[in-house]
Amino acid sequence: MTWEQLPDLAVRRFGGAVVWANDEFFAERENLVNTADPVFQPYTFGHKGQVYDGWE
């Protein structure tokens with residue numbers, strides 16, 4: 001078995017959560033445990049600037 005076939009135990013479905021992150025300037029830390037594919041939406045701005053759903 002290769003590592004690609006193993007389950008990702010950090011995802012929310014298995015109870016994963018982000019306890020702490022030191023940088024959320026471009027994206028929210030919860031995106032680390034989000035299994036949805038990232039989507040870029042131009043001209044979508046939040047209080048910190050352009051909103052991204054990936055992790056920088």
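Is E30 buried, partly exposed or exposed, and what is its relative accessible area? E30 is partly exposed, at a relative accessible area of 28%. Here buried means under 20% relative accessible area, exposed means over 50%, and partly exposed lies in between (1.4 Å probe, protein chains only).

The legends below describe a predicted model, in which local features need pLDDT of at least 70, side-chain atom pairs count only at pLDDT 80 or more, and totals for chains, interfaces and linings use all residues. Residues are numbered from 1 along each chain as its sequence is written, and side-chain values use heavy atoms, with hydrogens and water left out.

**Figure 1. Overview of the protein chain.** The protein chain has zero helices and two strands; helices (H or I, at least four residues) and strands (E, at least two) are DSSP runs numbered from the N terminus. Its radius of gyration is 14 Å, well over the 10 Å that the globule rule gives for 56 residues, so the chain is more spread out than a compact globule. That radius is taken over C-alpha atoms, and the globule rule is 2.2 Å times the number of residues to the power 0.38. Along the principal axes, the C-alpha atoms fill a box of roughly 40 × 25 × 15 Å. Of the 56 residues, 12% count as buried. The chain exposes about 5,000 Å², and carbon and sulfur atoms supply 57% of this area. Accessible areas come from the Shrake-Rupley method with a 1.4 Å probe; for residues, only the protein chains shown count as cover. Among contacts (heavy atoms within 4.5 Å) between residues at least 6 apart in sequence, 30% join residues at least 24 apart.

**Figure 2. The salt bridge between E30 and R12.** The side chains of E30 and R12 meet in a salt bridge, with an N to O distance of 2.1 Å. The pair links distant parts of the chain: both residues belong to the segment before strand 1 (45-46), 18 residues apart. A salt bridge is defined as a side-chain nitrogen of Lys or Arg within 4 Å of a carboxyl oxygen of Asp or Glu, and by this rule the count comes to one. Side chains of opposite charge can pair when their charged atoms come close. R12 is partly exposed, with a relative accessible area of 46%.

**Figure 3. The charged end of R13 over the ring of F14.** The charged end of R13 sits 4.9 Å from the centre of the F14 ring. The criterion is that NZ of Lys or CZ of Arg is within 6 Å of the ring centre and within 35 degrees of the ring normal. A search of the whole structure finds zero aromatic pairs. For such a pair, the ring centres of Phe, Tyr or Trp (its six-membered ring) must lie within 6.5 Å; planes under 30 degrees apart count as stacked, over 60 as edge-to-face and the rest as tilted.

Figure 4. A10 is in the segment before strand 1 and is partly exposed, at 41% relative accessible area. Not counting residues up to four places away in sequence, A10 touches G16, A17 and V33. Between D8 and V33, 25 residues apart along the chain, the C-alpha separation is 9.3 Å.

Figure 5. Y43 has a positive phi of about 65 degrees although it is not a glycine. Y43 lies in the segment before strand 1 and is exposed, with a relative accessible area of 72%. From Y43 to V11, 32 residues apart in sequence, the C-alpha distance is 29 Å. Q41 is found in the segment before strand 1 and is partly exposed at 46% relative accessibility. Q41 and D53 are 12 residues apart in sequence, and their C-alpha atoms are 9.2 Å apart.
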